[in-house]
Amino acid sequence: MAPSRLTAQAAGVNGKTALRFLLRAFGAAILVLVIWRVTTVGLAEGYPASFWISQALNGLVLGGVYALVALGYTLVYGILFMINFAHGEVMMIGGIAGFFALQFSQSRGWLEGPWPVVVVALLLIMLFGMAASVLIGITLERLAYRPLRQAPRLVPLISAIGASLFLQYSVLLIFGVSPHSYRKPALISGGMRMGDVFIPYTGAIIFITSILLMLALYFIIQRTKLGRAMRAVAEDRATASLMGVDVNAVIVITFMLGSALAGAAGVMLGFHNTVVKFNSGFVPGLKAFTAAVLGGIGNIPGAMFGALILGLIEAIGPSALGIPTEYKDVIAFTLLVLILIFRPTGLFGEVLSEKKA
Amino acid sequence: MLILDSVHTYYGHIHALKGISLTVNQGEIVTLIGSNGAGKTTTLNTISGVLPARAGAIYLQENARSGGPPAHPGRANDSDIRLDQLPAHQVARLGVSQSPEGRKIFARLSVQENLAMGAFARADADGISQDLERVFQLFPRLQERLSQPGGTLSGGEQQMLAIGRALMSRPRILLLDEPSMGLAPILVQQIFQIIREINAQGMTILLVEQNAQAALHIANRGYVLETGNIVLSGDAQDLLADPQVAEAYLGI
């Protein structure tokens, strides 16, 4: 029996090498195609520099929002080694909640008031969205993931996809199919002009808010007792519990932090896209997941930079490649395929430890 | 101070501990010796609450808390705390601190952060800095490496960090799992010297070791574990002299 098993194994190894070769050839072909398009089409169009700059700024805004969502994926992965595929829906529910808070503020006339009132109202709208997302996030953890903590790793993943669909269609059922439109208060409409580049106020506010939230998260993780406990749990759950760390509590807090960021992202995306509906979390969720993988999943700075890079590529890509903007989603997911072929651990990725692999 | 009363532990269907009973009194070093797979680490992890005991009881004696001698040494009482009902983090918070097998240093946390993790459940800043001083006195090497990631330390330094980290909770009882594992003989000697020193300062210690010789030399009493059963127990000196023990565990 032994020799035949050996040959079967050898065949398996050969099959794997062949497959890897094919994938790499495929990846290389895509890269060549991209370079060809950029040089023959994108650069040949001769857009002015200001055009590229405003595209890039737009990309940074979107990238900042992706980063907030990507951090949620990466935080949860860092501790539970699972992809929370319902995270995009957690963000969408933040957006929906934010919409109702916005509507309430409008009905009270807060958004036409003096600027401090408007700023406070906007903050409250965002906090309301964040609170809604946190509520959904911890409910998911408790009902959909914790009972499966000991199960094989594929099982919580399936549960996450189920939760994603459940949340989407619950929102569809409750709030209907038509999009809820975010109306910007006059204070943050318009923008400023720097040379030939136009910077909308919403974009600037979204970018700055995203950066501030990321810095806050980074501070919590690196400089506080709670963050230290989170990092310890991510490394070794059992040993952390020997130190008196309540691992379940840390996991819940991790979901809360990730969901709060997603809720903020949901509200900001509402202002950016001007609408939110039951499926507006799905594609941005996948993009943020792509960003997290691009940076190296489980790596916090990786998620931030991966998302900014993805935002930039998505914003500049269509013009650089000379393809219609409607196809920009293709760019993100092609990028995902390329990373998985050439650098599965991501740009900032470390070698996966045995436990995670 | 710590009493195990016929404790049974399972890994799935594998019956790993088959009714372990043992006692650790205040101020003692008690060692648990035995070969690989006898259940030594399982015993410590059951005490710590990492593994659930399926039958039997584990008591932490109530008045051991105040540091005074227990009113009824070696005998469980209704006022004692049942550890076997508690999750690991609560056992740790009651003052049972473990330095685990293989050291289990948080590799990406700095030495300082590792020590801070040991004091996680504490809020008394003054007491924490006192204990930090004490740990640095015991292990001056750690002070030189404070900002280095735990994973970059040598094996001996990691062992020092693991013991230091366990001391940072100011425990009532210290569980040490194979502190000599993988260390050069000179380091083993040093670590055992320090264990004795910690004990001389008043710490109660349950020491799990494969290096039976060294362990019995510093211990007051010992238990010999074999495939999930305690087969022999007694004063450390008597066990050292026991021909059965000598043949099986001392390599004489």
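How many helices and strands does the secondary structure of chain B come to?

1. The secondary structure of chain B comes to 10 helices and 10 strands. These are DSSP runs, numbered from the N terminus, with H or I and at least four residues for helices, and E and at least two for strands.

2. Please keep in mind that this is a predicted model, in which local features need pLDDT of at least 70 and side-chain atom pairs count only at pLDDT 80 or more, while totals for chains, interfaces and linings use all residues. Residues are numbered from 1 along each chain as its sequence is written, and chains are lettered from A and ligands numbered from 1 in the order in which they are written.

3. For chain A, the average pLDDT (the predictor's confidence in each residue, from 0 to 100) is 89, and 94% of the residues score at least 70. Take some care with residues 351-357 of chain A, where the pLDDT is below 50. Beyond near neighbours in sequence, that stretch has four contacts in the model; a contact means that the C-beta atoms of two residues, placed from the backbone, lie within 7 Å.

4. Chain B has a radius of gyration of 17 Å, close to the 18 Å from the globule rule for 252 residues, so it is as compact as a globular protein of that length. The radius is taken over C-alpha atoms, and the rule is 2.2 Å times the number of residues to the power 0.38. Along the principal axes, the C-alpha atoms of chain B fill a box of roughly 45 × 45 × 35 Å.

5. Next, look at how chain B divides. The domain assignment, automatic or from a database, gives domain 1 (2-95 + 171-249) and domain 2 (102-170) of chain B. Their C-alpha centres lie 22 Å apart.

6. Where the two domains meet, 13 residues of domain 1 of chain B are in contact with nine residues of domain 2 of chain B. On the domain 1 side, H2, strand S7 (173-177) and helix H7 (185-200) of chain B each supply at least two residues, and H7(B) gives the largest share, five residues.

7. Finally, turn to the two chains together: 20 residues of chain B are in contact with 14 residues of chain A. Helix H2 (88-93) and helix H3 (111-118) of chain B are the elements giving two or more residues to the chain B side.
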